[in-house]
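Please open the structure in your viewer and keep the selection tool at hand.

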Amino acid sequence: MTPYRIAIVGSGPAGLSAAAHAARLGLSHVLLEKTDHLSDTIFKYQKGKHVMATPSQLVLRAPLDFDAGKREAVLGIWNDQIAAAGVNVQYHAEVTAITGTGDAIPGSVMKIVTRKRDGSSDTQDIQRHAPPYRLQLANGEVIVAETVILAIGTQGNPNLLACPGGDLGHVQYQLDDPTDYADEHVFVIGGGDAGIENALGLAADPAQNNTVTVVNRSAEFANAKDANVKALMAARDAGRIAIMTETSTRAIEPGWITLDTKDGEVRSACNRVIARMGSAPPRGFVEQCGVEFASSDRLAFPKLSATFESTAPGIFVVGALAGYPLIKHCMNQGHDVV
């Protein structure tokens, strides 16, 4: 079996950029996507979502176009440009395991710089091992590649509600189309961009007659973009959305939600809970590939070199899994690694 020069796992912004650049350079490559469409994370954004292109001052190096716009427009441009670039895409190609030869390269040592959440870093010398890598697919196929780029993101591994009732049928972790819901009491758990945008979508049309409440554990919305926070406050001032800060979820029952607030326990009518509390790396799979993490913390990032190479030589990690969730950063990293 002739190995590909590069196998790219995941077709989000980082993976698409890497694949398009590999195609432009004429490198043997394959882009492996487990669904039947490209960029599943953005595909799952709610219908009509405005995708931001921040930071505005960052120059885009990727071979794909990207500007702020509606979800549908962004996906349409990428689909057209990936096809025009001749990218070798395999759909329904879920990677279940990645294994290497394990042969050490004599005298070859890589320096790993571990980025910590407090801003500090550690440096570690790692003995390199030789590719190629074998990528086992769920359908039984095996792909062999000299280099692997993991661009799988974290959205498939959402943080779940740990309270009683968090697994009930009316609790969901994404919102496809806010216009599907009407005449409901909806509680959106989480004060990041996803939660705010879901709440705004559910409350956008008064004819839907939804009662929408945003629940945020903190007093401030520090993890959300300023434009989203301003839109949320405007919706609150207009009476379209209620906001509960310094509040956590105690229990969920059919038709009800119980919350712990700074003023005590509150029990409210609730038809639907949409929990948008972020996500964590798919650590088990990544570690099985030979990639080490910076710590045992569930939210820790993989140990990476300055060029995004992991502790498994020849396996690179880019995008949200590397700690850079902004689309522009992801696209530049995919380009630069190739």
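Begin with helix α4, whose buried residues are Asp193, Gly195, Ile196, Glu197, Asn198, Ala199, Leu200, Gly201 and Leu202. Here buried means under 20% relative accessible area, exposed means over 50%, and partly exposed lies in between, for a 1.4 Å probe and protein chains only. Helices (H or I, at least four residues) and strands (E, at least two) are DSSP runs, numbered from the N terminus.

Before going further, note that this is a predicted model, in which local features need pLDDT of at least 70 and side-chain atom pairs count only at pLDDT 80 or more, while totals for chains, interfaces and linings use all residues. Residues are numbered from 1 along each chain as its sequence is written, and side-chain values use heavy atoms, with hydrogens and water left out.

**Stop 1: the surroundings of α4**

Helix α4 is mostly covered, with 9 of its 10 residues buried. To see what covers them, display β12 (185-189), β13 (211-215), α5, β14 (241-244) and β18 (272-275), against which the buried residues of α4 pack. Contact in this tour means heavy atoms within 4.5 Å.

Now select Asp193, which lies in helix α4. Is Asp193 buried or exposed? Its relative accessible area is 16%, so Asp193 counts as buried. Apart from neighbours within four places in sequence, Asp193 touches Asn223, Ala224, Lys225 and Asn228.

**Stop 2: α4 against α5**

Select residues 193-202 (α4) together with residues 226-237 (α5): the two helix axes come within 10 Å and cross at roughly 35 degrees. Axes are lines fitted to C-alpha atoms, for helices over the stretch in contact, and angles run from 0 to 180 degrees between N-to-C directions. The crossing of α4 with α5 is left-handed. A crossing is left-handed if the near helix is turned anticlockwise from the far one by less than a right angle, and right-handed if clockwise.

Show side chains for Asp193, Ile196, Glu197 and Leu200 of α4, and for Asn228, Val229, Ala231, Leu232 and Ala235 of α5, which make the contact. By class, these residues comprise 6 nonpolar, 1 polar and 2 charged. Ala, Val, Leu, Ile, Met, Phe, Trp, Tyr, Cys and Pro count as nonpolar, Asp, Glu, Lys and Arg as charged, and the others, Gly among them, as polar.

**Stop 3: the second largest pocket**

Next, select Gln46, Lys47, Gly48, Lys49, His50, Met52, Lys70, Glu197, Leu200, Gly201, Asn228 and Ala231, the lining of the second largest pocket. On a 1 Å grid over the protein atoms alone, a pocket is an open set of points with protein on both sides within 12 Å along at least five of seven lines, and lining residues have an atom within 4 Å of a point. The space in this pocket is about 230 Å³, a volume being the space filled by probe spheres set on the points.

Which helix gives the largest share of the lining? Helix α4 does, with 3 residues; α4 and α5 each supply at least two. The lining divides into 3 nonpolar, 5 polar and 4 charged residues.

**Stop 4**

Move to Gln208, in the loop between α4 and β13. Gln208 is buried at 7% relative accessibility. Beyond its neighbours within four places in sequence, Gln208 contacts Pro178, Thr179, Tyr181, Ala182, Asp183, Gly201 and Leu202.

Asn209 belongs to the loop between α4 and β13 and is partly exposed, at 49% relative accessibility. Check its backbone: Asn209 has a positive phi of about 60 degrees although it is not a glycine.

**Stop 5: further backbone features**

Most residues other than glycine have a negative phi, and most peptide bonds are trans. Select Phe308, in the loop between α6 (283-288) and β19 (315-317), where phi is positive, near 70 degrees. Phe308 is buried, with a relative accessible area of 18%.

Then select Thr54 and Pro55: the peptide bond between them is cis, with omega near -5 degrees. Pro55 sits in the loop between β3 (50-51) and β4 (69-70).

**Stop 6: α1 against α7**

Finish with α1 (residues 13-24) and α7 (residues 327-337), whose axes come within 7 Å and cross at roughly 35 degrees. This crossing of α1 and α7 is right-handed. Pro13, Ala14, Ser17, Ala18 and His21 of α1 meet Ile327, Cys330, Met331, Gly334 and His335 of α7. The contact of α1 with α7 has 6 nonpolar, 4 polar and no charged residues.

Notes
On a 1 Å grid over the protein atoms alone, a cavity is a set of points where a 1.4 Å probe fits but cannot get out, and a pocket is an open set with protein on both sides within 12 Å along at least five of seven lines; lining residues have an atom within 4 Å of a point.
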